[in-house]
Amino acid sequence: MKLNVIITAFNVEDFIEQCVESVVSQVTKFSFKVLVRDDGSTDSTREHLHRLATKYTNVHLILDDKNIGVHKSVEQLLSLCDSEYIATLDGDDYFVDISHFQQQVDFLDNNKNYVMSSCGVKVDRNGDLFPLEDLYVVSAINPITRKDLTESNFINFGRVFRNIKQILPLPDYYYKCYSDDWALNFKILEYGDAFCLDYLGGVYRIRKEGRLQKFSEEEIEEKNNIDRKILEEESVKDKKIITIIDCYVHNKSIENLLRKKVEELKSINKKIFLITNSDVSCDIIDKVDYFFKNNENHLFQEIFGEIEPVVFWTAYPWFTVYKHELGYQRHALSVLRNLYDALNIIKGLGYDYFERLEVDSNFNDNSLEFLKYVPHLCERENKIGLFYKNDYSGHNSDLSYHYFYSKIEEFLEMIPNIRTSQDYLDWLIHTYGDSNFKNVEIFMFKCLEKYGTDKFLVKNGGVEMNQDFGNINWNNVTSISNMSPKYKGAISKILPLYKLENDVEVESENLVIFSENKIDEKKDRRILYFKDDEFLGELRHTLNHEGHWIYNEIPKQTNRIEVYENDEFLYTEGLIFNVSRMVLR
């Protein structure tokens, strides 16, 4: 059998004869069978069906006194089809082109790469046809992909599709969606694309007794939004995505942050690959999906030229602090090696995409919702990954290591395999013509730039990253290896003060002195501030525990501070780098 036509009917006594007559009157070069299921109608629909089945030998009835709903009715009818192709029609709709089936089947016969085709339609809203005259509605796009169906149901009317037995039983999301048509189309397009042929095939009725008419336009739009969200989530399930955490557990605080992060990620059903160069508690290992310990903690050797400043930034509840310091990341060699090794392992496990994130951030509900949304966001933007770019006036741009997401294959093509300090030195010389050290965030951006930023969604690291993740605290832990010994585990800095207005940083009339404790030990700081050698004032900052911070505004003319701890002089520091600053959001 070339074609089966399935029709669902429920209380359509005024329309079912026109519907079935429009089907059996189709002119084709092949025979076809019509399967009509009455879903427990309480009007005279069944009487009309009996007359039609008596009149036409290719009309077969499935009668049920129990109302099971359109979703189950369609699935039951699909299970009865024994043809190469299947056409569908609702019991209150009808065809106007007698060559509709022949056109659809010819197209699918000649275009094996498509699994479904459809046509143009007019809409009958309680007797009023739209559009008027010879106009009709067709899909806005061709071909129609599964991804397109996460935005809207572009398959308008008169669909004919290949009888793909693997679609049965229909998945759970089919029953969760209000629109059975939309959900079924989405399932079928798992096996190929659809195409809308440009002709008027029939009329779709929206009537006062119909399913949608009991809802307002706002309620219908809300149902569409719910269906859209269900299909978006389902589309992401097709991708195998894993979260990489690279965490060096050097104290209890880091271990607790790692434990909390794993629990947060598991609350949204993330697959986790934990890689580390340190020992990790068994209770954490038990919660992750994959664990890899590399006993070799590779560090950059001192073979480089000048050391360029590194920008460390931390987002707090209502402000962000940017700290610009000299130094290079000795531990970054292990970070690069671990990432490359982890990606090759998870690629071998069959994963397609990965996201990497740091544990030293206080995620909230918005953060977790955004993590779930990232794959959908990249799908909508037609990108294979998401990175956050930081721009610094007068200095190199870089990419944030707090979070990024990418297709694995392309990322491995983009990033060279850095295994030794010499590998990194060779890359610096080849890229910049000198041996001056650049941090790995700059390395990442230069690789992305060379590979092609147009393939990825690249967002603003200073503003959009905070907005996307719900304005959380980033950089709650700074490795002591990245801090000068002069700070003795707690920083006290003089910083320019800015206020964020319409995403633009506007300089304030004051400066700030900002202190933060980076170790679990109480710190009593006395901070004197000067204009050159002129004493302007004194502050006391008592930092009771790790993560405790304090700031005070001070006069603009200040250009130097002296920091004392327990009356012992620690250091003096001034306004050196123009990228160091506090930004109030």
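This briefing walks through aromatic pairs, charges over rings and cysteines in the structure above. The model is predicted, so local features need pLDDT of at least 70 and side-chain atom pairs count only at pLDDT 80 or more, while totals for chains, interfaces and linings use all residues. Residues are numbered from 1 along each chain as its sequence is written, and side-chain values use heavy atoms, with hydrogens and water left out.

**Aromatic pairs**

- A search of the whole structure finds 46 aromatic pairs (Phe, Tyr or Trp rings, the six-membered one for Trp, with centres within 6.5 Å; planes under 30 degrees apart are stacked, over 60 edge-to-face, the rest tilted).
- W318 and W549 make an edge-to-face pair, with ring centres 5.6 Å apart and planes at 70°.
- F363 and F469 are stacked, at 5.8 Å centre to centre and 25° between the planes.
- F363 is buried at 9% relative accessible area, and F469 is buried at 0% (buried is under 20%, exposed over 50%, partly exposed in between, using a 1.4 Å probe and protein chains only).
- Ring pairs also link F300, F304, Y424, W427, Y432, F437 and F443 into a cluster.

**Charges over rings**

- K240 places its charged end over the ring of Y351, 4.6 Å from the centre (NZ of Lys or CZ of Arg within 6 Å of the ring centre and within 35 degrees of the ring normal).
- The charged end of K455 sits over the Y451 ring, 5.0 Å from its centre.

**Cysteines**

- The whole structure has 0 disulfides (cysteine sulfur pairs within 2.5 Å).
- For C282, the nearest cysteine sulfur belongs to C247, 16 Å away.
- C282 is exposed at 58% relative accessibility, whereas C378 is buried at 1%.
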